[in-house]
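This briefing goes through selected features of one protein model. Please look at the sequence and the structure first, then read the points below.

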Amino acid sequence: MSDHTGPVYQARITIYPRSVKGRFRNIKYAILGVAYGVFFLLPWLRWTRATGPDQAVMFDLPERHFYLFDLVVYPQNIFWLAILLVIAALLLFFVTGVAGRVWCGYFCFQTLWTDIYLLIERLVQGERPARMRLREHGWTVARVLKLGSTHALWLAMAFWTGLTFTLYWADAPHLLSAFFEAKAPFAAYVTTFMLTATTYIFAGIAREQVCTYMCPYARFQSVMFDRDTLIVSYDRHRGEGERGRHKVTRDLKGQEARQQAGHGDCIDCGYCVQVCPTGIDIRNGLQVECIHCALCVDACNGIMRNLGWAEGLIRYTSERALAGGRTRFFKFKTVGYGIALMAATFLLVSSVATRAAFDASVQQTRQPLTVVLSDGRIQNSYAIVVNNTSTHRLSLHVGVRGLNGAHVEVQPSAVMDLLPEASRTVYVKLRYPARANDPKRIPFSFELTPEGRHAPAPLILPTQFYTR
């Protein structure tokens with residue numbers, strides 16, 4: 001048994017990220033602006049259609065219609081979602097293999113919302129030293145007011161996020177009005193509450209704990225890395241020299257003096273640690289907590305510029321480049337991911353672009369499978385479900401191909417009218433004078449033929465007729 005008597009779990013160390021300016025910080029702000037603009041404004045974007053709502057993006061669950069601009073997705077198009085998930089997985093593998101965790105550092109929802117929450121905290125409570133002093137001075141009136149304001153703004157942001165997500169599932173202006181008049185569906189309130197609570201907890205309270213302990217991607221992403229993967233790295237050889245890093249002193253101001261003394265370019269200012277949103281020291285090497293946001297690169301480059309030294313002590317590079325080699329981006333793994341990604345994307349785009357104006361399915365009645373009529377003919381019954389996936393009215397004729405001599409009876413009519421985006425079921429009875437040498441099952445097809453000029457091509461539905 002172990003003699004260890006210390007605490008089993010380490011207490012959380014509060015992180016106070018310092019602000020930083022630089023190229024990667026600007027890139028993050030740009031992505032943040034685009035992502036927030038798309039998410040918060042899209043429900044309010046109007047879109048003119050022949051039928052359906054005038055909302056550009058809307059997921060109409062009661063009608064099972066999902067509107068994406070001019071594209072209307074139906075439940076039978078679920079395989080598009082499967083392809084889309086495959087594309088997302090392949091894209092993640094491809095990007096991670098080439099550029100590391102750029103998804104985590106720039107595009108992940110947790111990163112985007114935590115960035116805004118940190119910005120709110122900084123605006124209300126001040127820069128890192130002010131926030132640390134506020135916590136150290138106990139529960140003063142100023143602390144209560146600033147903490148209260150911070151959490152109030154966080155909750156407002158979380159509520160706005162949750163409500164915006166809910167607005168995607170109905171007509172946004174109508175639902176917004178009904179929401180505040182207490183007339184919205186109960187599901188709208190539950191959804192908004194759940195999104196408000198999770199946003200507030202994850203982005204405001206848990207923050208880096210989500211990336212470190214809850215996100216599975218942080219755990220398995222390392223298996224997609226290799227020596228050529230770009231990672232945020234500290235150039236230990238340049239920064240440490242032979243005798244390690246050293247602060248700037250009277251005798252160690254210039255690079256030449258530092259090199260003669262055996263010290264590298266790292267002046268041990270700690271700025272790279274202070275700006276890190278997960279609180280790690282990148283100089284300790286690649287760590288599971290690092291989300292590759294590159295804010296430490298901006299911090300270090302700023303220090304290097306102030307000293308008049310070359311940037312890049314901390315930079316995006318690969319293990320092979322750090323060892324003096326050349327990074328290879330075109331490898332069997334990345335090329336394979338790229339080919340698979342392009343193939344899946346082509347499959348999805350071609351499937352969407354070539355979707356028919358209508359689709360249908362046929363189901364044979366099994367109880368009973370066959371009926372022997374008084375005149376000796378055999379009767380089989382079928383149900384045909386037709387979906388008009390276009391925004392135009394359709395008129396279809398139901399016919400039979402490959403079963404000569406059969407009598408066709410369609411209920412309610414052999415010619416059906418379909419409203420835009422509507423579905424309809426027709427029932428067909430086939431009566432066939434089967435002969436003794438006929439096989440047990442005769443393959444044939446139903447033919448659905450659109451009527452009118454510029455009509456789409458007929459749809460063939462293969463099935464079979466049972467003679468006994």
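In this predicted model, D226 and K331 form a salt bridge whose closest N and O atoms are 2.8 Å apart. D226 sits in the loop between helix 10 (217-220) and strand 4 (231-234), and K331 in the loop between helix 15 (319-322) and helix 16 (332-353), so the pair ties together parts that are 105 residues apart in sequence. D226 is partly exposed at 26% relative accessibility, whereas K331 is buried at 11%.

**Other salt bridges**
- The whole structure contains 23 salt bridges.
- R25 and D115 meet through their side chains in a salt bridge of 2.8 Å, N to O. R25 belongs to helix 1 (residues 23-41) and D115 to helix 4 (residues 109-125), so this pair ties together parts that are 90 residues apart in sequence.
- R25 counts as buried because its relative accessibility is 8%, under the 20% limit. D115 is also buried, at 16%.
- D375 and R377 form a salt bridge as well, at 2.8 Å from N to O. D375 is partly exposed at 48% relative accessibility, and R377 is partly exposed at 26%.
- A network of salt bridges links E240, R245, D268, D281 and R283.

**Aromatic residues**
- A search of the whole structure gives 28 aromatic pairs.
- In the pair of Y382 and F444, the ring centres are 5.8 Å apart and the planes stand at 80°, so the pair is edge-to-face. Y382 lies in strand 8 (residues 378-388) and F444 in strand 13 (residues 441-450), so parts that are 62 residues apart in sequence are tied together. Both Y382 and F444 are buried.
- One aromatic cluster includes Y36, F39, F40, W113, W160 and W169.

**W103 and its surroundings**
- W103 is found in helix 3 (residues 102-107) and is partly exposed, with a relative accessible area of 36%.
- Not counting residues up to four places away in sequence, W103 touches L92, C108 and Y217.
- The C-alpha atoms of W103 and H292 are 8.6 Å apart, although 189 residues separate the two along the chain.

**Transmembrane annotation and surface**
- An unreviewed UniProt entry places the feature "transmembrane region" at several spans, among them residues 27-45, 78-99 and 186-206.
- Residues 27-45 are 79% helix and 0% strand, with end C-alpha atoms 26 Å apart.
- Residues 186-206 are 100% helix and 0% strand, with end C-alpha atoms 28 Å apart.
- I78, F79, L81, L84 and L85 make a nonpolar surface patch of about 490 Å². F79 lies in helix 2 (residues 78-99) and is partly exposed, at 39% relative accessible area.

How values were computed
Residues numbered from 1 in each chain as written. Predicted model: local features only at pLDDT ≥ 70, side-chain atom pairs only at ≥ 80, totals over all residues. Heavy atoms only, no water. Patch = residues over 30% accessible without salt bridge, like charges linked within 9 Å, V, L, I, M, F, W, Y side chains within 5 Å. Areas by Shrake-Rupley, 256 points an atom, 1.4 Å probe, with all protein chains shown as cover. Salt bridge = Lys/Arg side-chain N within 4 Å of Asp/Glu carboxyl O. Helix = DSSP H or I, 4+ residues; strand = E, 2+ residues; numbered from the N terminus. Buried < 20%, exposed > 50% of the residue type's maximum accessible area, 1.4 Å probe, protein only. Contact = heavy atoms within 4.5 Å. UniProt positions renumbered as here; feature names shortened; annotations may be inferred. Phe/Tyr/Trp six-rings, centres within 6.5 Å; stacked < 30°, edge-to-face > 60°.
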